[in-house]
Amino acid sequence: MAAVLGLIIGVVVGVFVRPDIPVVVQPYLPIMVVAALDALLGAARAYFERSFSDRVFVISFLANVITATLLVFLGNQLGVGSQLQTAVIVVLGIRIFSNVSAIRRFIFRG
Amino acid sequence: MAHRSRSDNMLEKLHNQHAQDKVNDRMETGSFPKVRKKPRRDLNRHTNRSRLISSILVMFMCALLGFAYMSQINNTKSTYETLDENELVRLLNESNTQISNLEQRKSQLSSQLNSLKSAANEQEQARKIAKQNEETSGLISGRLAARGRGVTVTISKGTSAKVDASIMFNLIEELRNAGAEVMAVNTVRVVASTYIQDADGGLVCDGITIEPPYTVKAIGNPQELSNAVDIAGGVGAQLQVKYGATVDVQSSDNIIIDEVREATQNKYAKTVE
């Protein structure tokens, strides 16, 4: 409930505020968003498995975002930014797909 | 009775003694507080306060996600920062080729435009010339009615001799030499193929019988035309002397010659381009 409410609030604020993203953050923002999406879907899966814990969610959210950002940052430092970005996106995409399929099994099983 | 009360008293005494013994036999001394086993901390153990805090945190994070998502959507235009050098070079090359293509196209189109413009000009010119030609040739061939400055020559019936075709022809030729542009004899428009021949009681001009008095209308410079007729020893004098006819030359600023004739179709002659 809180999650859905928060999502709606965030989207509405984002639509109306239209902020200027600082140049430093710009390359990392899409990665952050994808990582956070992964965390959100993991939380949804845990919710359906009746093992959701908001503490775990918060920690996994932050860990996902920070790890992804750091990885891309490292890649930029080493000159393989775009490749590493692709790698992160691929891994997160796979995780998102597996989470979604788990959720689908929970929804359509019973 | 007394014995009975004694034995009751005895029983009670024993009972009390036993209870006292039990209390004294207790092992717990109170100096060692019982330490219970620490219960496993349950992740889902919530007090009301921590539940509120954590759901606020979840909400905040989801809001952050939505906000970042929308900002990223609004900001997808400037993604060049994330491209590497090769891609940037490729993009630059692509735009350069596109620019040169567009320039080429532009020059093509502008040359096309220029040629079209000049063609339009030429066409306009040709149209103007054609219109002029049409007017001129229309006047010459007698297809169009004409008006302008000129003279009207009126010749009465000859008293000493009949006004014949040759003197009329001379008159027309004189007027032509003097620069008459359009002429008409009575009701006949004079064109290149006009002929005059004698007939009973008059003349035949282009198949039409005309009778005196003859009226020759000519458009041209009135001064020169009247000079051509009135010149000493000229056509006018001949008419008066030889034929005894009266010749009246009237200059006018507005001679209207509305006799027209059909344009002839040339059967054999073709224009040379």
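# Chains A and B: a working chat

Visitor: A:Phe16, buried or exposed?
Guide: A:Phe16 counts as exposed because its relative accessibility is 69%. Exposed means over 50% relative accessible area, buried means under 20%, and partly exposed is in between, with a 1.4 Å probe and protein chains only.

Visitor: What sort of model is this?
Guide: The model is predicted: local features need pLDDT of at least 70, side-chain atom pairs count only at pLDDT 80 or more, and totals for chains, interfaces and linings use all residues. Residues are numbered from 1 along each chain as its sequence is written, chains are lettered from A and ligands numbered from 1 in the order written, and side-chain values use heavy atoms, without hydrogens and water.

Visitor: Where does A:Phe16 lie?
Guide: In helix H1 of chain A, residues 2-17. Helices (H or I, at least four residues) and strands (E, at least two) are DSSP runs, numbered from the N terminus.

Visitor: And which nonpolar surface patch is there?
Guide: One of about 960 Å², whose members include A:Met1, A:Leu5, A:Ile9 and A:Phe16. Patch residues have over 30% relative accessible area and no salt bridge; like charges are joined within 9 Å, nonpolar side chains (Val, Leu, Ile, Met, Phe, Trp, Tyr) within 5 Å. A salt bridge is a side-chain nitrogen of Lys or Arg within 4 Å of a carboxyl oxygen of Asp or Glu. Areas come from the Shrake-Rupley method with a 1.4 Å probe; for residues, only the protein chains shown count as cover.

Visitor: Switching to H3(A): how many residues?
Guide: H3 of chain A has 25, residues 54-78. Its end C-alpha atoms are 36 Å apart, close to the 36 Å expected, that being 1.5 Å times one less than the number of residues.

Visitor: Which of its residues are buried?
Guide: Among them are A:Phe57, A:Phe61, A:Asn64 and A:Val72.

Visitor: What covers them?
Guide: The cover includes helices H2 (29-48) and H4 (81-109) of chain A, and also helix H2 (48-74) of chain B. Contact here means heavy atoms within 4.5 Å.

Visitor: What comes just after H3(A)?
Guide: A:Gly79, with a positive phi of about 85 degrees.

Visitor: What does UniProt place on chain A?
Guide: An unreviewed entry gives "transmembrane region" at residues 27-44, 56-75 and 87-107. Such annotations may be inferred rather than shown by experiment; positions use the numbering here, and feature names are shortened. Residues 56-75 are 100% helix and 0% strand in the model.

Visitor: How many helices and strands in chain B?
Guide: Six helices and eight strands. Of the 273 residues of chain B, 26% count as buried.
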